[in-house]
Amino acid sequence: MGFQKLAILTFVLAAAWLVSARADTVTGYINLTGTVPAYFELWVRGVPGDLDLSPRAIVNDRTLGLLHLKYNIDMASLTLQSTEANGKPMNGAEDWGGAISYKVWGGAACKTVGGSAGAVASVTIPSGNAAGTTMGGGMDVHHAHVEDLAANFSSGLEEDCPVTASWTGVAKDLPLAGTYSMKITATMVSQ
C-alpha cells in the first residue's frame, strides 16, 4: 500500500506541474536599437559679381557668400583663411593696397559663430597675417557652445551664416589697373 500511495502522490504532483495555474506570468522581450546618422556638412555659396575696388571707394558689409552648416556632432573649429598671407586681393605679387576686413555674422540665425564670454555675436576678421587672429593666418570663428551640442542645444544645428567684407579703396586717384583676386577657404573640424 505504501508504494501505491507514493505512485498516486507522484502522479498528482506531476500532473499539477504540467497544468498552468491561474497566477502564472510569462515575460518576453524584443530588443530594439536604432542609429541616428552623423551629419557634419559645410556648403559654401559665393555671391556672383566683382568687388568694386575703385579708388577711394568705401564699401560696408558687402555680402561675399554664405556658409550653410548642418551638423549633429560637436564642433572643434570653423576656420576661415585666405590664400593670400595679407588677406587682401592680389594681382600676382602686387597688393591691391586698400584696407579690408571680413565678417561672419552670428546671432539668432547663425548660432555656430560667436564672440567671447558666451555671447553670440558676429566675428570681424581683419586682413593681415598673424595666425589665429586674421584672415591671412586663418581665424577660428566658431562659438564655444557648439563644442557641446547636447548640453547647449539638445539637438544638431542647420543654419546659414553670411560672410561679408568692408573696405576702403586705394587713396590714389588713378591706381594701376588689373584684376585682383583671392580665395577664402572655410574648414570645419569635428571633436
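Start by selecting strands E1 (residues 40-46) and E2 (residues 58-71), which run antiparallel and are joined by seven bridges. Strands here are DSSP runs of E with at least two residues, numbered from the N terminus, and two strands pair if DSSP finds at least two bridges between them. Now pick Val44: opposite, in E2, stands Leu67.

A note before you go on: this is a predicted model, in which local features need pLDDT of at least 70 and side-chain atom pairs count only at pLDDT 80 or more, while totals for chains, interfaces and linings use all residues. Residues are numbered from 1 along each chain as its sequence is written, and side-chain values use heavy atoms, with hydrogens and water left out.

Next, show the side chains of Phe40 and Tyr71. How are their rings arranged? The ring centres are 6.2 Å apart and the planes meet at 75°, so this is an edge-to-face pair (centres within 6.5 Å, planes over 60 degrees apart). Tyr71 is buried at 2% relative accessibility, while Phe40 is partly exposed at 25% (buried means under 20% relative accessible area, exposed over 50%, partly exposed in between, with a 1.4 Å probe and protein chains only).

E2 and E9 pair in the antiparallel sense over 11 bridges.

Finally, follow E9 (residues 157-168) to E6, its antiparallel partner over six bridges. Select Tyr102 to end the tour: its bridge partner in E9 is Ala165.

Notes: Rings of Phe, Tyr and Trp (its six-membered ring) pair if their centres lie within 6.5 Å; planes under 30 degrees apart count as stacked, over 60 as edge-to-face and the rest as tilted. Helices (H or I, at least four residues) and strands (E, at least two) are DSSP runs, numbered from the N terminus.
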